[in-house]
Amino acid sequence: MSARIIDGKTISADLRGKVTDAVHRLRRDRGIVPGLAVVLVGHNPASKVYVRNKTKAVAEAGLSAFDQDLPEDVSEVELLDLIARLNGDPQVNGILVQLPLPPQINPDKVIAEIDPDKDVDGFHPLNAGRLASGLPGLVPCTPLGCVRLAKTVHHSLAGLEAVVIGRSNIVGKPLAQLLLAENATVTIAHSKTADLPAVCARADLLIAAMGRPEMVRGQWIKPGATVIDVGVNRVVGEHGKAHIVGDVAYAEAKTIAGAITPVPGGVGPMTIACLLLNTLAAACIQNGLPAPKI
């Protein structure tokens, strides 16, 4: 048995195409061009790559980009002043502050200062509360992408036993809330979970998001289960050559799972596509229009 490969590149390209069409209609019919401000502080190489990919995707979708590059030694006060200006700019519909931030800046304080209606990362406490309460709001992009990928395998997630490994505010917790909203039966597992392999083996839908390279082994997986791998881990292999692996031992897992995402090429492209979707939704809501159903 070999698992169906869930091709995040193809699925995200389809979503990005639909967002692009909706952006063009919004510009044509309403004269509105959604705008996204991505704030990058410092010179973290991984962050620079992420921001470059996001900026390219924004341009291809027809959105306006308001990128902000700040030096590594920028003060917290200066960053908060910039956030306040972006909050007040009607051309900026979405604000994303790339994490991590330098040690002199409190990321929780920065996130809390972003206008919740422009918080396209979905990290603001108000948006987290809306999600937990089942109210409409902007949702974190990676969890949203995971659910959309799972729904390309399962027409409905209702009744599935879903196990999420990881309890971060960025992925694990919001992902569990989204799965509950889909009527899945959800278990959040983590490093302190007793007999983690046995918990994983119950899952019809297993989502790994703990940031530990190839921790989830093939024998942990229920035969035929759907596996979504959020992990992106840089490891050094033979002859000192670095490569990227997920949190799941892919070669083992794909012989047991029914469907699985690769790393790279699975969740990552969906995160950027969902960022574009959130920016479009934010622009519509801020202009008194219903969010598009894509």
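# Exercises on a predicted model

The structure holds nine salt bridges, a salt bridge being a side-chain nitrogen of Lys or Arg within 4 Å of a carboxyl oxygen of Asp or Glu. This is a predicted model, in which local features need pLDDT of at least 70 and side-chain atom pairs count only at pLDDT 80 or more, while totals for chains, interfaces and linings use all residues. Residues are numbered from 1 along each chain as its sequence is written, and side-chain values use heavy atoms, with hydrogens and water left out.

## Exercise 1: salt bridges

Find which side chain meets lysine 109 in a salt bridge, and describe where the two residues lie.

Solution. Step one is the pair itself: lysine 109 meets glutamate 76, at 3.3 Å from N to O. Step three is accessibility, where buried means under 20% relative accessible area, exposed means over 50% and partly exposed lies in between, with a 1.4 Å probe and protein chains only. Lysine 109 counts as partly exposed because its relative accessibility is 41%, whereas glutamate 76, at 18%, is buried.

## Exercise 2: two further pairs

Identify the salt-bridge partners of arginine 130 and lysine 151, and locate each pair in the chain.

Solution. Arginine 130 pairs with aspartate 117, their closest N and O atoms being 3.7 Å apart. This pair links distant parts of the chain, since arginine 130 belongs to helix 5 (residues 125-133) and aspartate 117 to the loop between helix 4 and helix 5, 13 residues apart. Arginine 130 is partly exposed at 23% relative accessibility, and aspartate 117 is partly exposed at 35%.

Lysine 151 forms its salt bridge with glutamate 182, with 3.3 Å between the closest N and O atoms. Lysine 151 sits in the loop between helix 6 and strand 6, and glutamate 182 in the loop between helix 7 and strand 7 (185-189), so this pair ties together parts 31 residues apart in sequence. Lysine 151 is partly exposed, with a relative accessible area of 37%, and glutamate 182 is partly exposed at 24%.

## Exercise 3: strand 9 and its partners

Describe how the residues of strand 9 point, and work out which strands pair with strand 9.

Solution. From strand 9 (residues 226-229), Thr226 and Ile228 point one way and Val227 and Asp229 the other way, and all are buried. Two strands pair if DSSP finds at least two bridges between them. Strand 8 and strand 9 run parallel and are joined by four bridges, with leucine 205 opposite threonine 226. Strand 9 also pairs in the parallel sense with strand 12 (residues 259-260), over two bridges, and here threonine 226 stands opposite alanine 259. Contact means heavy atoms within 4.5 Å; leaving aside neighbours within four places in sequence, isoleucine 228 has contacts that include Ile6, Cys146, Leu206 and Val267.

## Exercise 4: strand 5

Determine which residues lie on each side of strand 5, and how strand 5 pairs with strand 2.

Solution. Strand 5 (residues 94-97) is covered on both faces, with Gly94 and Leu96 on one side and Ile95 and Val97 on the other, all of them buried. Strand 2 and strand 5 pair in the parallel sense over four bridges, and valine 39 stands opposite valine 97.
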